[in-house]
Amino acid sequence: MNHAQTGTGGIWEVFRQEDDGDPMVHAGNVNAPDEELAMHYAREFYGRRGESHRLWIVAREAITELDDPDLLKPPFDRSHKKPGGYIIKHKLDAAKQRAATEAGE
Amino acid sequence: MTTARVELEVPVRDALAGLLLSVADDEFVIGFWDSEWTGIAPMLEEDVATSSIAQDELGHAKALYELLAELTDDDADRIAFGRETDAYRHAALLNHARGDWAFSVARRYLYETADGVRLASLARSAHEPLALLAGKMRREETYHLLHADAWFRRLADGAPEGRDRLRDAVECLWADAQDVFAPLAGEDLLVRDGLLPEPMHELHAAWLARSRPILEPLAGDLADRRPSADGRTRRTDDFAWLHGEFTMVARSEEGATW
C-alpha cells in the first residue's frame with residue numbers, strides 16, 4: 001500500500017461479518033495513517049463490543065467505483081433482465097380464460 | 001472462591017491477596033491515566049481506541065478486585081474506591097501524570113511488555129481462578145501490546161520531535177518501570193505453592209531480555225536497575241491528584257447503590 005509507506009493516511013472502508021457464513025456488509029469507514037492503525041481502529045469501531053466475527057479493511061483508493069448512470073440505469077426497459085424474468089401472470093390469466101371459453105363452446 | 005479461602009493457610013492467602021491487589025491496582029491506575037486522553041487524543045479514531053483500551057484495563061481491574069474480594073471476604077467497590085492513597089499498590093511506573101502523547105505511549109509500551117511477561121506466568125498459577133482470569137486477560141492484552149507497539153514504532157521511527165519526546169519519556173520512566181516486578185510480601189510462599197509460578201526477579205529478567213533490544217536503539221544503553229523494595233508503596237502528588245479524581249463520585253455519596 002503506497003500511502004502506508006508515505007504515512008499520508010487516508011480513508012479505509014470497513015466491512016463486517018456478524019457470524020461465520022454471513023455476508024460481509026459495509027459497516028462504515030475509519031481514518032488512519034496506514035494499514036496497521038486502520039486495523040486497530042476498525043476493531044475499535046466495529047468490533048469492540050464483540051459484534052463482529054470478521055472484518056475486511058480496504059483502502060478506499062483500492063476500490064474501483066462505477067456510478068455512471070449510462071451504464072447502470074440505461075434509458076430502456078430492461079425488466080426482462082431481472083431475476084424474475086418475464087412477467088407472465090397476465091399471459092397465464094388470458095390463456096386460462098381462453099381455455100375456459102373453448103371448453104364452454 | 002470460598003473453597004480457596006478454606007484451603008489456603010493464612011500467610012499464603014495474605015500473600016495471594018497482595019499479588020492480586022498489585023496487579024489489580026496496576027490495571028486500575030493505568031486505566032484511569034489513559035482515560036484522560038478521551039476527547040483529546042491525536043485523532044478521533046485514536047481517541048476511541050485509547051478510551052476503549054483504558055476501559056479494558058478498568059475491566060481487568062474489576063475482575064481482579066472481585067477475585068480479591070472473594071478471597072478476603074471484602075467488597076470490590078470498596079477496595080477500588082475506598083482506600084487512601086498510601087494503601088494502593090500499583091508500581092511506581094504508574095505514579096506519573098499522563099504527560100504528553102509520547103509519554104503516554106512510552107509508559108504503555110513499558111507497562112504492556114512487563115504486564116505481558118507477568119500474565120504469561122500468572123496464566124499458569126496454581127490458584128485456578130487467577131490462572132483462568134490471567135488467560136482471559138492475555139487475549140486482550142496481546143492486542144493492547146500490538147497497539148502500544150504500533151505507536152512506539154511510529155514515534156521512534158518518525159520525525160525528530162516525536163522521537164526525542166519518546167526517548168526522553170523512556171529515560172524518565174526507566175527506573176520506575178522496573179518496579180512492575182518489585183518483590184511482593186510473602187513472595188517465597190507464593191512461589192513455593194505455585195501460585196506465582198516464577199519469582200519476580202525471574203520475570204524481571206525475562207522482561208529485560210525482551211524489551212531492551214527494542215528500547216536501546218532509541219534510548220541508548222539503559223542502566224541496570226533492580227526493582228526497588230518500595231516500588232509498590234512510593235506515592236506521588238500526581239497520583240494523589242488522580243486518586244482525588246477517581247474517588248470523587250464514590251465519595252460524594254458513600255455506600256450509595258446505583
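## Stop one: where the chains meet

Start by selecting the residues where the two chains touch: 10 residues of chain A are in contact with seven residues of chain B (in contact means that their C-beta atoms, placed from the backbone, lie within 7 Å). On the chain A side, β2 and α2 (35–46) are the elements that give two or more residues; helices (H or I, at least four residues) and strands (E, at least two) are DSSP runs, numbered from the N terminus. By type, the chain A side splits into five nonpolar, two polar and three charged residues (Ala, Val, Leu, Ile, Met, Phe, Trp, Tyr, Cys and Pro count as nonpolar, Asp, Glu, Lys and Arg as charged, and the others, Gly among them, as polar).

A quick note before moving on: this is a predicted model, where local features need pLDDT of at least 70, side-chain atom pairs count only at pLDDT 80 or more, and totals for chains, interfaces and linings use all residues. Residues are numbered from 1 along each chain as its sequence is written, while chains are lettered from A and ligands numbered from 1 in the order in which they are written.

## Stop two: Val30(A)

Now click on Val30(A), in strand β2 (residues 25–32) of chain A. Is Val30(A) buried or exposed? Val30(A) is buried, with 26 other C-beta atoms within 10 Å (20 or more make a residue buried, 12 or fewer exposed, and anything in between partly exposed, with C-beta atoms placed from the backbone). Not counting residues up to four places away in sequence, Val30(A) touches residues including Trp12(A), Phe45(A) and, across in chain B, Glu45(B).

## Stop three: chain B

Switch to chain B, which has 10 helices and zero strands. Its C-alpha atoms fill a box of roughly 60 × 45 × 30 Å along the principal axes, and buried residues make up 41% of its 258 residues.

Now look for the largest nonpolar core, with 64 residues (a core is a set of buried Ala, Val, Leu, Ile, Met, Phe, Trp, Tyr and Cys residues joined through C-beta atoms within 7 Å). Leu20(B), Leu68(B) and Val105(B) touch the most other members. The largest share of this core, 13 residues, comes from α2(B). Finish on Leu20(B): leaving aside neighbours within four places in sequence, its contacts are Leu64(B), Leu67(B), Leu68(B) and Leu71(B).
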